[in-house]
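Here's a walk through a predicted model, meant to be read with the structure open beside you. Take a look first, then read on.

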Amino acid sequence: MTHAETAPFQFFSLQVDRTRRLGPSLVRITFTGDDLKNFAAGGRDQSLSLFLPHPGQKAPVLPPLDNPDMYAILGAWRAMPDDERAVMRSYTVREQRTTPVNEVDIDFALHAETSAAGTAGVGPACRWASRAEPGDRVVVLGPAVAENTGVRFQLPEDADSVLIWADETALPATSAILEWLPAETRAQVFLEVPFSGDRTELATEADATVTWLVREEGAPSAVDAVSGAELPGKAPYVWIAGESGSVKALRRHFVRERGLDRRRVTFVGYWRKGLSEDALREVPDETAQDEA
């Protein structure tokens with residue numbers, strides 16, 4: 001199969017190589033595997049679907065992955081019993097390395113999810129990540145070509161500044177975006193995290209001002225945090241990602257109150273308070289709809 005014929009997304013069988021705690025709320029897991037020779041992340045906020053085993057399973061349970069029809073595999077996976085089929089969650093590629101070996105890093109936010117019954121608890125992905133060990137097996141539905149629809153951060157050619165707001169779940173994507181930004185790009189970055197220990201050094205060649213909003217220190221709401229921020233230049237670009245309630249409020253602020261062109265504002269709701277990702281998938285994606 002030539003590059004031009006390569007499907008943009010494919011299944012990759014991987015295993016855990018090592019783990020590293022980055023702070024109270026984040027753990028980095030590095031994956032390896034022969035399949036990574038065909039993996040091609042597009043950088044920035046590149047997303048993928050991660051399939052995890054249930055407790056007691058040695059590997060995630062999925063239909064045979066040799067079917068060239070990705071959608072047929074997903075359909076067969078959805079038809080399997082919930083307590084048997086692999087748990088699927090969406091994550092960001094924090095970094096891909098091809099030398100000296102093929103590796104992919106994924107950073108996991110270890111926040112508590114809330115069940116539909118209203119009982120607070122740790123979600124299956126958080127539980128798995130907190131206990132992951134070398135050799136643990138996973139499957140990823142990820143990019144096989146760098147130009148793919150899983151990259152939402154698309155900087156317009158005429159953009160002369162960037163504003164970013166993100167919570168801890170979007171901190172990996174923000175870190176990758178800052179590393180990617182061209183030198184001297186003006187950027188204002190607001191990062192909301194649960195604990196002071198979640199602050200980290202961010203590498204970038206951009207002219208970036210980073211404001212940490214720490215909830216245990218009484219951080220203001222998302223809108224209050226950015227309401228006084230100027231958007232320098234004549235053609236700003238805004239990227240906002242994290243808890244969908246905050247994302248929705250910020251969308252209204254920038255599009256309705258500040259009058260920004262909605263086409264220059266990218267919003268991604270990664271999670272919602274009170275809902276697991278499974279439940280969130282059944283709720284209409286308000287962050288993906290245009291606003292009048």
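## Ground rules

This is a predicted model, so a few limits apply: local features need pLDDT of at least 70, side-chain atom pairs count only at pLDDT 80 or more, and totals for chains, interfaces and linings use all residues. Residues are numbered from 1 along each chain as its sequence is written, and side-chain values use heavy atoms, with hydrogens and water left out.

## The seven-stranded sheet

Let's start with an open sheet of seven strands, ordered β4-β3-β9-β1-β2-β6-β5 with antiparallel pairing. Strands here are DSSP runs of E with at least two residues, helices are runs of H or I with at least four, and both are numbered from the N terminus. Two strands pair if DSSP finds at least two bridges between them. β4 and β5 sit at the edges with a single partner strand each, so one side of each has no neighbour in the sheet. On average, neighbouring strands here are turned by 35 degrees against each other, direction ignored. (Axes are lines fitted to C-alpha atoms, for helices over the stretch in contact; angles run from 0 to 180 degrees between N-to-C directions.)

Inside this sheet, β2 and β6 pair in the antiparallel sense over six bridges. Leu 26 has Ala 109 as its bridge partner in β6. Helix α1 (residues 70-78) packs on the sheet, touching β1, β3, β4 and β9, and its direction makes about 65 degrees with that of β1. Contact means heavy atoms within 4.5 Å.

## Helix α2 and its buried side

Which residues of helix α2 (residues 124-131) are buried? They are Ala 125, Cys 126, Trp 128 and Ala 129, where buried means under 20% relative accessible area, exposed over 50% and partly exposed in between (1.4 Å probe, protein chains only). These four cover an arc of only 165 degrees around the axis, which puts them on the same side of α2; the arc is that of the directions from the helix axis to the C-beta atoms. The buried residues of α2 pack against β1, β2, β3, β4, β6 and β9.

Tyr 91 lies in strand β4 and counts as buried at 14% relative accessibility. Leaving out residues up to four places away in sequence, Tyr 91 touches Gln 46, Ser 47, Leu 48, Leu 50, Ile 106, Asp 107, Phe 108 and Ala 125. The C-alpha atoms of Tyr 91 and Phe 108 are separated by 7.9 Å, with the two 17 residues apart along the chain.

Arg 94 is in the loop between β4 and β5. With a relative accessible area of 11%, Arg 94 is buried. Apart from neighbours within four places in sequence, its contacts include Arg 28, Asp 105 and Asp 107, as well as Pro 172, Ser 175, Ala 176 and Glu 179.

Helix α3 (residues 171-180) is mostly covered, with eight of its 10 residues buried. Among them are Pro 172, Ser 175 and Ala 176.

Now for the other sheet: an open one of five strands, in the order β12-β11-β10-β13-β14, with parallel pairing. β10 and β13 pair in the parallel sense over six bridges, and Val 162 has Tyr 237 as its bridge partner in β13. Helix α5 (residues 244-257) lies across β10, β13 and β14, running at about 155 degrees to β13.
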